[in-house]
Amino acid sequence: MVRGEGTTVAKGVTPDDVFDFVLDPAQYTKADTKMVWVTKLADTPDGMLAREDGKFLGRLPGSVITRYRWERPNHIDVTLEHGVPRRLHAWFEIDAVEGGTRIRHVEELDLGHGPLGWLHDVVAGKWFARSVVAEVAEIGRLLQAGERGRGVAGAHERGAAEERDG
């Protein structure tokens with residue numbers, strides 16, 4: 001299994017600002033080099049099902065189906081529903097602090113698949129960990145620079161139309 005974790009404080013932003021940024025694929029993909037796009041497939045009582053299109057090692061394309069569960073504005077939890085990895089779990093902890101918002105993000109990926117999984121962990125482990133640290137720092141930087149997300153409904157309705165219209 002590979003794991004990455006990053007924490008930052010975004011000054012001058014609220015937990016709602018962070019929550020809306022993370023769930024807006026047009027904003028989130030500015031910060032996450034592993035992610036190309038997130039498409040909402042269905043609403044669930046506590047979140048959504050989505051297709052995540054990404055790039056392994058920043059190069060190789062792939063997609064997974066994930067389940068997002070959230071408690072606005074403090075927690076977003078993402079787990080694998082279908083795809084090549086044996087397990088994928090990522091989460092955001094979003095907490096107000098004096099002068100801003102603390103963002104903690106963790107991603108864990110277990111490719112499985114015997115020797116292929118072991119090779120993946122050896123080759124990708126450090127890259128994966130560094131990419132999560134950089135992602136969190138960039139989220140904080142973009143938010144402090146005034147970037148904002150549209151929230152779940154606005155971002156994903158717009159995103160679906162953009163993808164459909166090419």
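Modeller: First a term: buried means under 20% relative accessible area, exposed over 50%, and partly exposed in between, with a 1.4 Å probe and protein chains only. This is a predicted model, so local features need pLDDT of at least 70 and side-chain atom pairs pLDDT 80 or more, while totals for chains, interfaces and linings use all residues. Residues are numbered from 1 along each chain as its sequence is written, and side-chain values use heavy atoms, leaving out hydrogens and water.

Biologist: How many aromatic pairs does the structure hold?

Modeller: Rings of Phe, Tyr and Trp (its six-membered ring) pair if their centres lie within 6.5 Å; planes under 30 degrees apart are stacked, over 60 edge-to-face, the rest tilted. By that rule, the number of aromatic pairs here is two.

Biologist: What is the angle between the planes of F19 and W70?

Modeller: Their centres are 6.0 Å apart and the pair is edge-to-face, with the planes at 90°.
F19 sits in helix α1 and W70 in strand β4, so the pair ties together parts 51 residues apart in sequence. (Helices, H or I with at least four residues, and strands, E with at least two, are DSSP runs numbered from the N terminus.) Back to the angle: 90°.

Biologist: Is F92 buried or exposed?

Modeller: F92 makes an edge-to-face pair with Y28, 6.1 Å centre to centre with 75° between the planes. The pair links helix α2 and strand β6, 64 residues apart. Y28 has a relative accessible area of 6%; for F92 the value is 4%, so F92 is buried.
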